[in-house]
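Work through the following exercises with the sequence and the structure open beside you. Try each task before you read its solution.

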Amino acid sequence: MGFQYGGTLLDMCVLALVEQQDTYGYKLTHEVKEILSVSESTLYPVLRRLTKEKYLSTYDKPYDGRNRRYYTITAQGRKKLESDRLEWKRYVEKVEGILERSHHD
């Protein structure tokens, strides 16, 4: 059983992974798949949107005779990620509080 998640969690995971190191879409899809159940067809529109919203930027690098598009986090993306991290911590603390109360009753 997997937990359902919203777009905000997916955005946060993408930004966090790209913050660790610049990466390209295919590799990022596989890294996200280890955490959340997503497909490439789900992730690429997220990457385009995050780029359009200026949270990510892109650059191309030659690889095997063609260009590979890399994503890098922007200063605006770092601010959003930090804000999302704080919100996530508050959310998790609330859920854990509920789970702990029900566990001890």
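**Exercise 1.** Describe how strand E2 is joined to E3.

*Solution.* Strand E2 (residues 56–63) pairs with E3 in the antiparallel sense over eight bridges, where pairing requires that DSSP finds at least two bridges between two strands, and a strand is a DSSP run (E) of at least two residues, numbered from the N terminus. Within this pairing, Asp60 stands opposite Arg69 in E3. Next, look at the turn: E2 and E3 form a hairpin with two residues between them, and Asp64 in the turn has a positive phi of about 50 degrees.

The model is predicted, so local features need pLDDT of at least 70 and side-chain atom pairs count only at pLDDT 80 or more, while totals for chains, interfaces and linings use all residues. Residues are numbered from 1 along each chain as its sequence is written, and side-chain values use heavy atoms, with hydrogens and water left out.

**Exercise 2.** Find the strand that pairs with E1.

*Solution.* E1 pairs with E3 in the antiparallel sense over two bridges, and the bridge partner of Thr23 in E3 is Tyr71.

**Exercise 3.** Work out which residues of H2 are buried, and what covers them.

*Solution.* Gly25, Leu28, Thr29 and Val32 are buried in H2, that is, under 20% relative accessible area with a 1.4 Å probe, protein chains only. They lie on the same side of H2 because they cover an arc of only 105 degrees around the axis, taken from the directions from the helix axis to the C-beta atoms. Their cover includes helix H1 (7–20), strand E1 (23–24), H3 and strand E3 (66–73).

Methods:
Buried means under 20% relative accessible area, exposed over 50%, partly exposed in between (1.4 Å probe, protein chains only). Helices (H or I, at least four residues) and strands (E, at least two) are DSSP runs, numbered from the N terminus. Contact means heavy atoms within 4.5 Å.
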